[in-house]
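Here are my notes on the model you sent over. I have kept them as numbered points so that you can follow along with the structure open.

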Amino acid sequence: MKKVITYGTFDLLHYGHILLLQRAKELGDHLTVALSTDGFNDIKGKHAYFSYEKRKMMLEAIKYVDTVIPERNWEQKKHDIVDYDIDIFVMGDDWRGKFDELSAHCEVIYLERTPDISTTSIKDNLSGIS
Ligand code: C2G
């Protein structure tokens with residue numbers, strides 16, 4: 001069984017996230033999403049609209065997602081890959097090159113980001129900024 005993992009905040013879930021998860025799942029047989037905890041979002045300087053529990057519940061409702069685990073820090077990726085016996089690490093290509101060191105443990109794939117949609121743009125549009 002080919003196991004895939006990806007990481008992110010997945011706040012205000014939108015079709016860009018879904019298309020990423022769909023393509024990630026298509027690369028293997030099992031997809032784990034390491035979901036940024038509220039504490040890690042503080043470290044990332046991100047403030048999610050929805051709590052970790054709500055973001056986790058929404059991800060678990062997506063048919064492409066098999067398992068959701070917490071992402072608590074930057075360093076856990078190489079341990080997750082070993083602990084969960086991961087074959088492929090996937091991220092959107094806004095991260096291209098940032099995680100290449102993981103290729104020592106598994107295949108590293110960057111998928112093209114879906115254009116013209118982001119959690120930030122949704123927030124800005126709703127608040128009338130843009
Ligand atoms: N994404 C995408 N297209 C968009 C928006 C997001 O493909 N229009 C992808 C991102 O590239 C990422 C995933 O969806 O792979 C989740 O996006 P975010 O929740 O913004 O993730 P981020 O805050 O970048 O967290 O350790 C890694 C970090 O946790 C990544």
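Helices (H or I, at least four residues) and strands (E, at least two) are DSSP runs, numbered from the N terminus. Please keep in mind that this is a predicted model, in which local features need pLDDT of at least 70 and side-chain atom pairs count only at pLDDT 80 or more, while totals for chains, interfaces and linings use all residues. Residues are numbered from 1 along each chain as its sequence is written, and side-chain values use heavy atoms, with hydrogens and water left out.

1. Let me begin with a loop residue. Thr-114 sits in the loop between β5 and α5. Thr-114 is buried, because its relative accessible area is 15% (buried means under 20% relative accessible area, exposed over 50%, partly exposed in between, with a 1.4 Å probe and protein chains only). Setting aside neighbours within four places in sequence, Thr-114 is in contact with Tyr-15, Gly-16, Leu-19 and Arg-23; contact means heavy atoms within 4.5 Å.

2. Next comes helix α1, which runs over residues 15–26 and has 12 residues. From first C-alpha to last, α1 reaches 16 Å, close to the 16 Å expected at 1.5 Å a residue (the expected span is 1.5 Å times one less than the number of residues). Which residues of α1 are buried? They are Gly-16, His-17, Leu-20, Leu-21, Ala-24 and Lys-25. These cover an arc of only 165° around the axis, so they are on the same side of α1; the arc is that of the directions from the helix axis to the C-beta atoms. The buried residues of α1 pack against β1 (3–8), β2 (30–36), α3 (52–60), β4 (88–92), β5 (107–111) and α5 (119–126).

3. With a relative accessible area of 14%, His-17 is buried. Beyond its neighbours within four places in sequence, His-17 is in contact with Phe-10, Asp-11, Leu-12 and Thr-119. His-17 and Ser-118 are 101 residues apart along the chain, and their C-alpha atoms are separated by 8.8 Å.

4. Phe-10 is in the loop between β1 and α1, and its phi is near 50°, a positive value in a residue other than glycine. Leu-12 is also placed in the loop between β1 and α1, with phi near 45°, again positive in a residue other than glycine. Phe-10 counts as buried at 8% relative accessibility, and Leu-12 counts as buried at 16%.

5. Now for the largest pocket, which has a volume of about 700 Å³. Of the 34 residues that line the largest pocket, the closest to its centre are Thr-9, His-17, Lys-46, Asp-94 and Arg-113. On a 1 Å grid over the protein atoms alone, a pocket is an open set of points with protein on both sides within 12 Å along at least five of seven lines, whereas a cavity is a set where a 1.4 Å probe fits but cannot get out; lining residues have an atom within 4 Å of a point. Grid points are joined across faces, edges and corners, and a volume is the space filled by probe spheres set on the points.

6. What supplies the lining? β1, α1, α2 (38–44), β4 and α5 each give at least two residues of the lining of the largest pocket, and the largest share, 4 residues, comes from α1. The lining divides into 10 nonpolar, 14 polar and 10 charged residues (Ala, Val, Leu, Ile, Met, Phe, Trp, Tyr, Cys and Pro count as nonpolar, Asp, Glu, Lys and Arg as charged, and the others, Gly among them, as polar).

7. Helix α3 has the buried residues Tyr-52, Arg-55 and Leu-59. Seen down the axis of α3, these fall within an arc of 70°, so they line one face of the helix. Their cover includes α1, β2, α2 and β3 (67–71). The face of α3 turned away from its buried side carries the exposed residues Glu-53 and Met-57.

8. Finally, Ile-88 is found in strand β4 and is buried, with a relative accessible area of 2%. Apart from neighbours within four places in sequence, Ile-88 has contacts that include Val-4, Ile-5, Leu-27 and Ile-109.
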